[in-house]
Amino acid sequence: MSTLSQPEALAFIMVTMAAADTTLSERELARIGNTVDTLPIFDGFTRDQLVEAANRCTAIINEPSGLDQILAMVKSSLPERLYDTAYAVAVEIASADLHAEQEELRFLQILRDELDLDNLVSAAIERSARARFRLP
């Protein structure tokens, strides 16, 4: 199992979230790019690096036990202080289509459990996304 840089690990989470419902929408892809362009954790992480990380992640997803491999790689590559950031970027991508499919909700649950996130932290991140992406 290879280790990832912190931005690569977060990119893996976003790509996995986008692929959870087996459909990568234009909105999800745009949101991933926007997230990489705007969050300080991605400073210095180029679009080329994002594409490379996305391709690596997609290849792993398609392997047997791919999700388990990705979660293990992410968890071993991120310090605990960035676990909530990983969850936040996942929720950000899940919110891109303004509707979360059951598979996306299941991935969020798996991610919460894998990162052992506090329920209040998870709820606050989710609530923030609902407030930001509420339809008029």
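Leaving aside its neighbours within four places in sequence, with which residues is Thr16 in contact? I took this as my opening entry, working on a predicted model.

**Entry on Thr16.** I located Thr16 in helix α1, which covers residues 6–19. Beyond its neighbours within four places in sequence, I found Thr16 in contact with Cys57, Ile61, Leu67, Ile70 and Phe107. I then looked up its accessibility: Thr16 counts as buried because its relative accessibility is 5%, and buried means under 20%. I also noted that a polar atom of the Thr16 side chain lies 2.7 Å from the backbone oxygen of Phe12.

**Entry on the largest pocket.** I recorded about 370 Å³ of space in the largest pocket. Its lining has 15 residues, and those closest to the centre of the pocket are Ser95, Ala100, Glu126, Ala129 and Arg130. By class, I listed 9 nonpolar, 2 polar and 4 charged residues in the lining of the largest pocket.

**Entry on the second largest pocket.** Here I recorded about 170 Å³ of space. Among the residues that line the second largest pocket are Val15, Leu24, Arg47 and Thr58. Both α2 (26–38) and α3 (47–61) supply at least two residues of this lining. Which element gives the most to it? I found that α3 does, with 6 residues. The lining of the second largest pocket divides into 7 nonpolar, 3 polar and 1 charged residues.

Notes. Residues are numbered from 1 along each chain as its sequence is written. This is a predicted model: local features need pLDDT of at least 70, side-chain atom pairs count only at pLDDT 80 or more; totals for chains, interfaces and linings use all residues. Side-chain values use heavy atoms; hydrogens and water are left out. Helices (H or I, at least four residues) and strands (E, at least two) are DSSP runs, numbered from the N terminus. Buried means under 20% relative accessible area, exposed over 50%, partly exposed in between (1.4 Å probe, protein chains only). A polar contact is a pair of N or O atoms within 3.5 Å; within protein, one must be able to donate a hydrogen and the other to accept it, and residues adjacent in sequence count only if both atoms are side-chain atoms. Contact means heavy atoms within 4.5 Å. On a 1 Å grid over the protein atoms alone, a cavity is a set of points where a 1.4 Å probe fits but cannot get out, and a pocket is an open set with protein on both sides within 12 Å along at least five of seven lines; lining residues have an atom within 4 Å of a point. Grid points are joined across faces, edges and corners, and a volume is the space filled by probe spheres set on the points. Ala, Val, Leu, Ile, Met, Phe, Trp, Tyr, Cys and Pro count as nonpolar, Asp, Glu, Lys and Arg as charged, and the others, Gly among them, as polar.
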